[in-house]
Amino acid sequence: MIDQALLDRVQKQAWFHKYPRGWPFLLFLIASITTAVSVMAIERADKVTRAVELDRNLTEISSALQRRVTENIALLRAGSALFATQDQVSSEQFSEFSQDLQGDGTLYGSLGMGWAPVIRADRIAPFEVALQTSGGRPDFTIDPRPDAGQDIVTPIIYLEPQSLPNRLAQAYDMFSDPARRTAMERAMARRAPAATSLLHLVQDRGSPRAAGFLIYMPVFADRGRGRAVKGFVFSPFRAQAFLTSASELYRNDSIDLAIYDDHVAPETLMAEQRADGVSGPTIERRIDVAGQSWIVQISDRKAGVLSSLSRITLFFGAIASLMVMAIGRLITKRAAEDRIVLEWLTSQASIRNSLTRELNHRVKNTLANVLSIAALTRRRSTGIDDFTESLTARIRALSATHDLLSQSDWGNAALGDIVRSELAPYMEGHESHVAMSGPAIKLAPNDAMSLGLAIHELATNAAKYGALSTIEGRIHVNWVLVSPELAEIHWREEGGPTVTEPKKRGFGRDLIEKIVAHELKSEVDLKFNPGGVECRLKVPVRASREFILRNERR
């Protein structure tokens with residue numbers, strides 16, 4: 001009798017004989033599925049990589065556009081300084097000045113640089129007569145004429161270089177155009193450069209519509225009791241030419257790029273660049289251009305539906321075995337792990353270097369303070385003992401504040417803790433002699449060190465000659481937050497010996513009134529009242545922030 005278990009095994013394996021092509025088809029199916037999964041993984045990773053690259057390209061392009069704007073604004077600031085410092089600037093002076101700055105006028109994507117004074121509407125006729133007679137411009141007539149409600153005009157007087165399109169724009173009243181007027185009013189209000197919205201340049205009259213914009217720099221002059229707007233130095237731009245100039249600052253030209261004014265719409269399109277290939281994902285970013293909002297939109301482009309690596313994998317996956325695919329995946333995984341390790345090592349080296357630079361900086365600052373204190377103490381000391389005692393006390397004052405800052409990893413120090421640490425030697429057993437009050441205020445490291453020195457000098461003076469030198473003496477230290485960025489400390493002594501203002505200035509007084517005042521960027525009010533010394537000083541309050549490694553700048 002045949003064993004039932006053996007019969008069952010034979011029946012289970014019989015399908016190999018029944019379907020001889022099953023194994024090849026199964027292997028082919030497994031290889032196809034593996035290849036498809038590999039292609040999907042590669043495409044997913046490629047999508048992530050391209051997304052990161054696309055974001056990097058957007059950052060690079062946005063930076064390039066803003067750099068070009070900044071470069072043009074720098075030229076406009078130079079032109080503004082010329083008209084602000086001179087009552088009259090002749091056309092020859094302006095032409096020479098413009099050529100020195102911009103050469104042929106196409107620098108940084110602009111059409112040149114111009115000047116448009118602010119003229120009251122009732123002074124148009126005398127202004128035109130003056131230019132026609134003494135200005136050597138017999139055909140000068142402001143166009144268009146202002147409306148009844150328009151109080152001022154800003155005609156283009158100079159526009160360099162003297163190309164044909166720029167000559168056509170001269171005498172044009174820019175204040176008559178709503179878009180230009182809005183930008184000029186914003187520039188006057190901000191006292192800073194302002195860009196217009198999308199508009200049609202006067203230089204392009206009679207030609208197909210081309211998107212353009214202008215940047216205005218207001219020029220102010222002292223008149224009467226205030227400063228009035230004298231006029232505007234400006235630069236006109238064709239948006240497409242400006243984009244072409246900015247493209248010199250970035251390399252990737254395999255993307256679609258479009259710039260829109262304020263919002264994305266066909267009518268707000270300013271300039272664009274197109275590339276060949278299949279359109280990919282699109283991202284956008286809003287940037288500020290002299291107060292005007294632009295939207296930079298870019299789209300990824302690639303050569304085909306699948307990436308090159310995916311096509312190679314798909315081709316070889318159809319003919320390769322599972323072992324080759326497994327080895328390839330193993331190598332890829334190992335390479336990714338090695339890259340992560342290398343990036344981690346690089347990051348650790350960068351952090352170590354930054355910490356070293358930060359330590360060097362703080363040590364140099366501390367040594368500089370000690371050297372300054374030692375030098376000034378030596379000049380005002382009467383002997384070696386006096387010098388040693390004064391210098392030791394001041395270094396201890398620095399050390400006390402240093403300890404407070406060290407407890408917060410040099411992030412900040414509480415104002416109350418600084419005052420308390422400097423007065424601690426005089427309060428042991430005599431706490432009633434010192435009254436302190438005030439809100440919790442955090443100070444930045446440099447401000448804390450300067451305040452600690454000031455409190456130390458006041459306390460030392462009180463112990464030697466003031467309220468702390470007698471049993472009846474009292475000291476009141478109060479501080480308030482006068483604004484979110486400023487705190488005021490009030491030191492007042494009473495009950496001590498009668499105070500007379502010293503005839504000779506000591507180092508302590510110089511340190512408080514000069515050195516501390518300079519470091520805190522505020523004046524110190526130090527009074528020697530008969531009833532006791534009184535001092536008011538202000539300390540800046542920095543915004544609380546996390547510790548940031550110092551960047552090395554050379």
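Mentor: A helix here is a DSSP run of H or I with at least four residues, a strand is a run of E with at least two, and both are numbered from the N terminus. By that rule Leu 29 has its place in helix 2, residues 22–85. This is a predicted model, in which local features need pLDDT of at least 70 and side-chain atom pairs count only at pLDDT 80 or more, while totals for chains, interfaces and linings use all residues. Residues are numbered from 1 along each chain as its sequence is written, and side-chain values use heavy atoms, with hydrogens and water left out.

Trainee: How many helices and strands are there in the chain?

Mentor: The chain has 13 helices and 19 strands. Of its 554 residues, 40% are buried, where buried means under 20% relative accessible area, exposed means over 50%, and partly exposed lies in between (1.4 Å probe, protein chains only).

Trainee: What makes Leu 29, Ile 33 and Val 37 a nonpolar patch?

Mentor: A patch takes residues with over 30% relative accessible area and no salt bridge, joining like charges within 9 Å and nonpolar side chains (Val, Leu, Ile, Met, Phe, Trp, Tyr) within 5 Å. Leu 29, Ile 33 and Val 37 form such a patch on the surface, and together they have about 250 Å² of accessible area, a value from the Shrake-Rupley method with a 1.4 Å probe, for which only the protein chains shown count as cover for residues.

Trainee: How do you know that Gln 150 is buried?

Mentor: Gln 150 has 11% relative accessibility, and since this is under the limit for buried residues, it is counted among them. Its place is in the loop between helix 4 (124–133) and strand 3 (152–153).

Trainee: With which residues is Gln 150 in contact, leaving aside its neighbours within four places in sequence?

Mentor: Taking contact as heavy atoms within 4.5 Å, Gln 150 is in contact with Ala 121, Asp 173, Phe 175 and Ser 176.

Trainee: Why is the pair Gln 150 and Asp 173 called a polar contact?

Mentor: The term needs a pair of N or O atoms within 3.5 Å; within protein, one must be able to donate a hydrogen and the other to accept it, and residues adjacent in sequence count only if both atoms are side-chain atoms. The side chains of Gln 150 and Asp 173 meet at 2.9 Å, which is within that limit, so the pair is listed as a polar contact.

Trainee: What makes Arg 285 and Asp 55 a salt bridge?

Mentor: A salt bridge is a side-chain nitrogen of Lys or Arg within 4 Å of a carboxyl oxygen of Asp or Glu, and here the closest N and O atoms are 3.2 Å apart, so the pair of Arg 285 and Asp 55 qualifies. Because Arg 285 lies in strand 11 (residues 278–289) and Asp 55 in helix 2, the pair ties together parts that are 230 residues apart in sequence. Arg 285, at 27% relative accessibility, counts as partly exposed, and so does Asp 55 at 37%.

Trainee: How many salt bridges does a search of the whole structure find?

Mentor: The search finds 18 salt bridges. One of them joins the side chains of Arg 67 and Glu 71 (3.1 Å, N to O), both of which lie in helix 2, four residues apart, about one turn of the helix. Arg 67 is partly exposed at 46% relative accessibility, whereas Glu 71 is buried at 15%.

Trainee: Where do Arg 420 and Asp 417 lie?

Mentor: They are three residues apart in helix 11 (residues 415–427), which means that about one helical turn separates them. Salt bridges that share partners also join Arg 67, Arg 68, Glu 71 and Glu 248 into one network. As for Arg 420 and Asp 417, their side chains meet in a salt bridge at 3.3 Å, N to O.

Trainee: Why are strand 18 and strand 19 said to pair?

Mentor: Pairing requires that DSSP find at least two bridges between two strands; strand 18 and strand 19 (residues 532–540) have six, in the antiparallel sense, and therefore they pair. The two strands form a hairpin with two residues between them, and Phe 528 stands opposite Val 533 in strand 19.

Trainee: Which residues make up the covered face of strand 18?

Mentor: In strand 18 (residues 524–529) the covered face holds Val 524, Leu 526 and Phe 528, while Asp 525, Lys 527 and Asn 529 are on the uncovered one. In a regular strand the side chains alternate between the two faces of the sheet.
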